[in-house]
Structure formats: structure tokens, C-alpha cells
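Please keep the sequence and the structure in view while reading.

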Amino acid sequence: MLIQFLPLIALVVLFYFLMIRPQQKRMKLHQQMLGALKRGDTVVLSSGMIGKVVRVEDKEVGVEIATGVTVKVVKSMVADVRAKGEPAAANDAKA
């Protein structure tokens, strides 16, 4: 009976190590990246737009995509952080 289920068990284990575990690692790294997001970072959005972070909130981020044009983006849609900005106080005037 065990010999009949052994190939099925092997497929489940293989599926876990090749599919599920790497996805969990990517999700963990993405969450760490979002947690470290701060003003001045240059980010790439999932739509491909590149902008500079001007405001960070709990669930949303203000991204300046052109001079004077700021859009509000859901934080999870930030795909990558290209350049780390200098830490700035929240009440500093934008230069």
C-alpha cells in the first residue's frame, strides 16, 4: 500500500521545494522592501512607471512621477527600489 502512494508523496514534496518555498521567499523579501521604503527612494511601480517617493503611509505611497505631479499608489504595487534616498524628516520642505 505504501509503495502505491510513494510516487504521489514524492510529487508533493517536489512541488513544495520547487514552487511553494521559492514563492514564499520572494514574498518575504518584497514585504521587507516595502517596510524599508522611505522618502526620497526612487521606485519602479508594477506598471513600469518610475518615480520618487514623497510620502509613505500605512497602505499607500505618494510617488512623484514628474515635476509637480504626485500620484497616490497602493504600497504593494511598488515592484522595485532602484536608488535609496537620504533619510528625511517628515516635515521637511521638499527641495
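With which residue does lysine 72 form a salt bridge? The partner is glutamate 60, and the closest N and O atoms are 3.6 Å apart. A salt bridge is here a side-chain nitrogen of Lys or Arg within 4 Å of a carboxyl oxygen of Asp or Glu.

## Basis of the report

The model is predicted: local features need pLDDT of at least 70, side-chain atom pairs count only at pLDDT 80 or more, and totals for chains, interfaces and linings use all residues. Residues are numbered from 1 along each chain as its sequence is written, and side-chain values use heavy atoms, with hydrogens and water left out.

## Salt bridges

The search of the whole structure finds 3 salt bridges. One of them joins lysine 72 to glutamate 60. This pair links distant parts of the chain, for lysine 72 lies in strand β4 (residues 69–74) and glutamate 60 in strand β3 (residues 60–66), 12 residues apart. Strands (E, at least two residues) and helices (H or I, at least four) are DSSP runs, numbered from the N terminus. Lysine 72 counts as exposed, at 55% relative accessibility, while glutamate 60 is partly exposed at 29%. These words follow the relative accessible area: buried is under 20%, exposed is over 50%, and partly exposed is in between (1.4 Å probe, protein chains only).

Another salt bridge connects arginine 55 and glutamate 57, whose closest N and O atoms are 2.9 Å apart. Arginine 55 is partly exposed at 33%, and glutamate 57 is partly exposed at 32%. Aspartate 41 forms a salt bridge with lysine 38, with 3.6 Å between the closest N and O atoms. Aspartate 41 is buried, with a relative accessible area of 0%, whereas lysine 38 is partly exposed at 26%.

Helix α1 covers residues 2–35, which is 34 residues. From its first C-alpha to its last it reaches 46 Å, close to the expected 50 Å; the expected span is 1.5 Å times one less than the number of residues. At tyrosine 16, α1 bends by about 40°, the bend being the angle between axes fitted to the seven residues ending there and the seven starting there.

Tyrosine 16 also belongs to an aromatic pair with phenylalanine 17, which is edge-to-face, with 5.1 Å centre to centre and 80° between the planes. Rings of Phe, Tyr and Trp (its six-membered ring) pair if their centres lie within 6.5 Å; planes under 30 degrees apart count as stacked, over 60 as edge-to-face and the rest as tilted. The count comes to 1 aromatic pair. Tyrosine 16 is partly exposed at 34%, and phenylalanine 17 is partly exposed at 47%.
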